[in-house]
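Here is a short briefing for a first look at this structure. Keep the view open while reading, and find each residue as it comes up.

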Amino acid sequence: MLAPTDDELLQAQADLWRHSLYYLTSLSLQCVIKLGIPTTIHSAGGAASLPDLVTTLSLPPSKLPFLRRLMRLLVYSGVFAADDSTGAGTYRLTPISCLLVDGNDNGAAIVDGHPSQVPTVLAMGSRHCVEAAMGFADWIKKDSPSLLFEDVHGATPFDESMADLDPETHGLLNDGLAAHDGSGFAAVLRECRDMFAGVESLTDCGGGDGATARAIIEAFPRIKCTVLDVPRVIGDKKTDGVVSYVAGDMFSFIPPAQAVMLKVVLHHWSDEDCVRILAQCKKAIPSREVGGKVIIIDVVISSDSGPLLEAELLMDVGMMLIGKGQQRDENEWRDLFKKAGFSGYKIVKKLGIRGVFEVYP
């Protein structure tokens, strides 16, 4: 091994500082969300100066210099755009901060089909998630079947044990999951219309409140949609003539349909559990010759480099943090489909970090 040059070591020192302080970007992001800065800029017509933000948000003028430094970091990170030509430091929303406008502002997200991701950001940066991440080293040393979060806190995210531990964080995690799962489906309907051509019936596994099923029906009125989810999610929802609701367990039974959809479901589960779920999907659909297929929308680790690949890998480690699932590359997805008895698949489209699969019996 050749000894690094001085220039390489100086660059390495800078890289170490950057990696060591990444958490400050995340916490700065949480800070501006909690202060309401993205929503305030949106309410001001899309641009606001720093003094205007301080006044509107009733912040102490003495904190203006500190807020300016924090905003400078987030401008560099692409969260905001800045225009200093006026001398007052005017900040504008970027695509990132458009997703951070409070979803309650005017009752809806500001970009159709892309709900506010505020709950997701706050959930992943919550005290319980950060404390769990700080326990990585101790957890890896243990020969124990317990999950990381459970090992640190004695509770499991999205489970009643989490509600007992901290009801507020339990609610935040569930809101974050709903915001994450609900994002981007409008793009699927626009970019993958042919995937729904000829489909007459569809079961949405883990479909929650039925919002995705309703979006499908709005775009394709001929499709009869059924939502399957666990009883505590379905609650007292009744079939309303548009969407049918079934309370059940996808490990045991999936209502038959021409197509079964799993939208950001399988990355929550281990390989063994995914094979069990996919086997039930295969039982629920007809042969490929009459249009039977499983539609899967989930993260695919496939980007060559840069921010998309980093996001895919960070989300994989994030799954390790909160549960027993993982993000997968195409080869890992292919192995799951084969083990579940499917004959083939294709990736219809890659939309951001998510892939849209058709899987055939």
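Glu330 and Arg334 share helix H18 (residues 330-339). They sit four residues apart, about one turn of the helix. Their side chains form a salt bridge, with the closest N and O atoms 3.8 Å apart. The model is a predicted one.

**Salt bridges**

- Glu330 is partly exposed, at a relative accessible area of 32%. Arg334 is also in the partly exposed class, at 35%.
- The count of salt bridges comes to 11.
- Side chains of opposite charge can pair when their charged atoms come close.
- Helix H8 (residues 127-133) holds the pair Glu131 and Arg127, four residues apart. That spacing is about one helical turn. The closest N and O atoms of this salt bridge are 3.2 Å apart. Glu131 is partly exposed, with a relative accessible area of 31%.
- Lys349 and Glu191 meet through their side chains in a salt bridge of 3.7 Å, N to O. Lys349 belongs to strand E9 (residues 344-351) and Glu191 to helix H13 (residues 185-191), so this pair ties together parts 158 residues apart in sequence.
- Lys349 is partly exposed, at 33% relative accessible area. Glu191 is partly exposed, at 46%.
- A network of salt bridges links Asp273, Arg276 and Lys324.

**Strand E4 and its partners**

- Is strand E4 (residues 201-205) mostly covered or mostly open? It is mostly covered. Four of its five residues are buried.
- E4 runs parallel to strand E5 (residues 224-229), and five bridges join the two. Ser201 has Lys224 as its bridge partner in E5.
- From E4, the chain crosses to E5 through helix H14 (residues 211-219). This β-α-β crossover is right-handed.
- E4 also runs parallel to strand E7 (residues 259-263), joined by four bridges. In E7, Leu262 stands opposite Cys205.
- In a regular strand, side chains alternate between the two faces of the sheet.

**Cysteines**

- How many disulfides does a search of the whole structure find? The search finds zero.
- A disulfide needs the two sulfur atoms within 2.5 Å.
- Cys225 is in no disulfide either. Its nearest cysteine sulfur is that of Cys205, 12 Å away.
- Cys98 is partly exposed, at 23% relative accessible area. Cys225 counts as buried, at 2% relative accessibility.

**Nonpolar surface patch**

- Which residues make the nonpolar surface patch? They are Trp17, Leu21, Tyr23, Leu24 and Leu27. The patch covers about 520 Å².
- Helix H2 (residues 22-35) gives the most to this patch, with three residues.
- Leu24 lies in helix H2. Leu24 is partly exposed, with a relative accessible area of 37%.

Definitions and conventions:
Residues are numbered from 1 along each chain as its sequence is written. This is a predicted model: local features need pLDDT of at least 70, side-chain atom pairs count only at pLDDT 80 or more; totals for chains, interfaces and linings use all residues. Side-chain values use heavy atoms; hydrogens and water are left out. Buried means under 20% relative accessible area, exposed over 50%, partly exposed in between (1.4 Å probe, protein chains only). Patches are made of residues with over 30% relative accessible area and no salt bridge: like charges are joined within 9 Å, nonpolar side chains (Val, Leu, Ile, Met, Phe, Trp, Tyr) within 5 Å. Accessible areas come from the Shrake-Rupley method with a 1.4 Å probe; for residues, only the protein chains shown count as cover. A salt bridge is a side-chain nitrogen of Lys or Arg within 4 Å of a carboxyl oxygen of Asp or Glu. Two strands pair if DSSP finds at least two bridges between them. A crossover is right-handed if, with the strands pointing away from the viewer, the path from the first strand over the helix to the second runs clockwise.
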